Amino acid sequence: MDNFVFNSPTYFCFGKDTENEAGALVKKFGGSKVLIHYGGGSAVKSGLIDRVKASLDRENIPYILLGGVQPNPRSGLVYKGIELCRKEKVDFILAVGGGSAIDSSKAIAGGVPYDGDFWDHHSGKPVEKALPVGTVLTIAAAGSEGSGNTVITHENGMLKRGCRTEILRPKFSIMNPSLTCTLPAFQTACGITDILAHLYERYITDTKEVEVTDRVIEALMLTVVKEGRRVIADPYNYEARANIMWAGTLAHNNVCGVGRRQDWNSHALEHELSGLYDCAHGAGLAVVMPAMFTYIYEKDVMRFAQVAVRVWGCEMNFENPKETALEGIERLKNFLSSIGMPVTFSELGARQEDIPYLVDTLCDGNGRPGYIEGYLKLDKEDCTNIYKLML
Ligand code: NZQ
Ligand code: ZN
C-alpha cells in the first residue's frame with residue numbers, strides 16, 4: 001500500500017427532512033449572504049427550493065437565487081454566477097441538485113475571489129481561494145457532494161474539463177434519500193452507473209497489497225448492484241435509495257481509493273462523449289467501461305478475474321483465468337443494459353465518424369492533452385481502438 005493523506009472534512013447530514021437544516025448549517029459554516037444555485041426545475045417543482053428558502057429565513061440569512069444549471073454544466077452560467085456573487089457580496093454558495101448544480105457552484109466559488117478567467121482552474125491552474133460551498137443533494141451519482149472536483153463544459157468548443165482541488169470540497173452536504181424518489185428511471189440508472197464507474201476507476205490498480213480498499217470497493221459494488229436492481233423495480237423504496245445514496249458518496253470521497261494508484265481513463269474517454277453529444281455522464285460511462293476493460297484486462301488478468309468472482313459471482317476458471325475476467329466484463333455490461341443503459345455508440349447517439357475528433361480533443365484529468373495516463377498509458381491509437389470497440 002502507498003503512503004497517503006486522507007482528509008475529507010465535509011459535514012454530512014443524512015436522512016428524512018434534513019433539507020430543513022440548510023439554514024442552520026449555513027450559519028454553522030459562517031455564511032451570511034447566500035447564492036442558492038440549482039438546475040432546470042426539478043427542485044422548484046418538488047417544493048425543495050421553497051423548503052430551503054424557508055430554512056434560511058428561519059435563521060435570518062438573506063439569499064439570492066440562480067437557477068438554470070444544465071446537465072453537463074456550462075461555462076456561461078458560471079461566468080454569470082461569478083458576476084452575481086461579486087455584485088451581491090455573496091459569501092456562501094448553496095447548491096441544490098445533482099453533480100451539475102454542485103459543480104457549477106464549485107466553479108463559481110473558485111472564480112469569485114480569482115482575478116483571472118475561472119477556466120484557468122480547468123486548464124491545470126491550482127485553485128488558491130474559494131467561497132465556501134454547501135449542498136442539498138437530489139441525485140445519487142457524481143459524488144460531488146463529498147469530492148473536491150468540479151467538471152464544466154466550455155461553450156467555446158464544447159470541451160468538458162475537470163478541476164481537482166481539496167479547497168472545493170463542500171463544507172456540508174445534506175442528503176435526504178426521499179428527494180431522489182422523483183428521479184426518472186433513466187437518471188437513477190445513470191447515477192448507479194456513475195457510482196460503479198467511480199469504484200472501478202479505483203479498483204483498477206497496479207498497487208500491490210491493497211486488500212482493505214479492494215474489499216471496501218467490492219462491498220460498495222455489491223451494494224450498488226443489489227440495491228440498484230431493487231430501486232429500478234421499486235423507485236419509492238426509501239431504504240434502497242438510502243443505501244445507494246451513501247454508497248455514491250463513499251465511492252467518490254476517496255475513502256476507498258487511498259494508498260493505491262487509480263485509473264480514470266474511462267472518465268477521460270467519457271468526458272469527450274458528454275462534451276460533444278451532451279449525453280448523460282452515466283450513460284456515456286455505460287458505453288465506455290465494458291469496451292475499455294476488454295481492451296486493458298490482459299495487463300492484469302487476475303485483477304479482472306478477482307472482481308468477476310467476488311462481485312459478479314463468476315466461477316474461477318483456474319485453467320483459463322482470461323475467460324473468468326471476460327465473463328465478469330460481460331456480466332457488468334449485461335447489468336448496465338438491464339437497468340436501461342446504452343452499451344453501444346449507436347444506442348448513445350454517438351457517431352463512428354467523430355472518433356478522430358474525440359481522440360484529438362482527449363485530455364487527462366488535469367487538462368493535459370495528447371495522451372491519457374492511468375492504469376495504462378493510452379496513446380491516440382489505443383484510444384481509437386477503444387472507441388471502435390464501442391461501435
Ligand atoms: O436540472 P434538474 O431539473 O434538477 O434535473 C436534473 C437533470 O436533468 C435531474 N434531477 C436531479 N435530481 C432530480 C432530478 N429530477 C427529478 N428528481 C430529482 N430529485 O437529473 C438530471 C441530471 O442531473 P445532474 O446534476 O446532471 O446529474 P449528476 O449528479 O449525474 O451530475 C452529472 C455531472 O457531474 C459530473 C458529470 O460529468 C456531469 O457533468 N461529474 C462530477 C464529478 C465530481 N464533481 O466529483 C465526478 C463525476 O465523475 C462526474 O464527472
Ligand atoms: Zn463519474
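Author: The bounds of a domain, as the word is used here, come from an automatic or database domain assignment. The model is predicted, so local features need pLDDT of at least 70 and side-chain atom pairs count only at pLDDT 80 or more, while totals for chains, interfaces and linings use all residues. Residues are numbered from 1 along each chain as its sequence is written, chains are lettered from A and ligands numbered from 1 in the order in which they are written, and side-chain values use heavy atoms, with hydrogens and water left out.

Reader: What makes ligand 1 lie between domain 1 and domain 2?

Author: Domain 1 spans residues 11-179 and domain 2 spans residues 185-389. Both give residues to the shell around ligand 1, and therefore the ligand lies between them.

Reader: How many residues surround ligand 1, and which are the closest?

Author: A residue is near a molecule if one of its heavy atoms lies within 4 Å of it. The residues that surround ligand 1 number 31, and the closest are G40, S42, G99, S100 and H198.

Reader: Which helices and strands each supply at least two residues of the shell?

Author: These are α5 (99-111), β6 (149-154), α6 (185-203) and α9 (265-277). Helices (H or I, at least four residues) and strands (E, at least two) are DSSP runs, numbered from the N terminus.

Reader: How do the residues of the shell divide into nonpolar, polar and charged?

Author: There are 9 nonpolar, 19 polar and 3 charged residues in the shell around ligand 1. Ala, Val, Leu, Ile, Met, Phe, Trp, Tyr, Cys and Pro count as nonpolar, Asp, Glu, Lys and Arg as charged, and the others, Gly among them, as polar.

Reader: What makes the pair of T182 and ligand 1 a polar contact?

Author: A polar contact is a pair of N or O atoms within 3.5 Å; within protein, one must be able to donate a hydrogen and the other to accept it, and residues adjacent in sequence count only if both atoms are side-chain atoms. A polar side-chain atom of T182 lies 2.8 Å from a nitrogen atom of ligand 1, so the pair falls within the limit. A nitrogen atom of the ligand is also 2.9 Å from a backbone N or O atom of L179. In the side chain of H271, an N or O atom is 3.1 Å from an oxygen atom of ligand 1. On its own, ligand 1 has 960 Å² of accessible area (Shrake-Rupley method, 1.4 Å probe; for residues, only the protein chains shown count as cover), and the protein covers 88% of that area.

Reader: Which residues coordinate the zinc ion (ligand 2)?

Author: The zinc ion is coordinated by D194 (OD), H198 (NE2), H267 (NE2) and H281 (NE2), at 2.0 to 2.2 Å. Donors are N, O and S atoms within 2.8 Å of the metal (3.2 Å for Na, K and Ca); water is not among the atoms, so sites may look incomplete. Along the chain, the donors follow the spacing D-x3-H-x68-H-x13-H. D194 in helix α6 and H267 in helix α9 are 73 residues apart, a pair that links distant parts of the chain. D194 and H267 are both buried.

Reader: Why is L220 called buried?

Author: Buried means under 20% relative accessible area, exposed over 50%, and partly exposed in between (1.4 Å probe, protein chains only). L220 has 8%, and is therefore buried. L220 belongs to helix α7 (residues 211-233), and its C-alpha atom is separated by 9.6 Å from that of V311, 91 residues apart along the chain.

Reader: Is S104 buried or exposed?

Author: With a relative accessibility of 1%, S104 counts as buried. S104 is in helix α5, and its side chain makes a polar contact of 2.8 Å with the side chain of H37.

Reader: Why is V44 called partly exposed?

Author: The relative accessibility of V44 is 45%, so V44 counts as partly exposed. V44 is placed in helix α2 (residues 42-45).

Reader: What makes E209 exposed?

Author: E209 has a relative accessible area of 69%, and is therefore exposed. The residue sits in the loop between α6 and α7. Most residues other than glycine have a negative phi. E209 is not a glycine, yet its phi is positive, about 55°. W264, in the loop between α8 (238-252) and α9, likewise is not a glycine and has a positive phi of about 75°.
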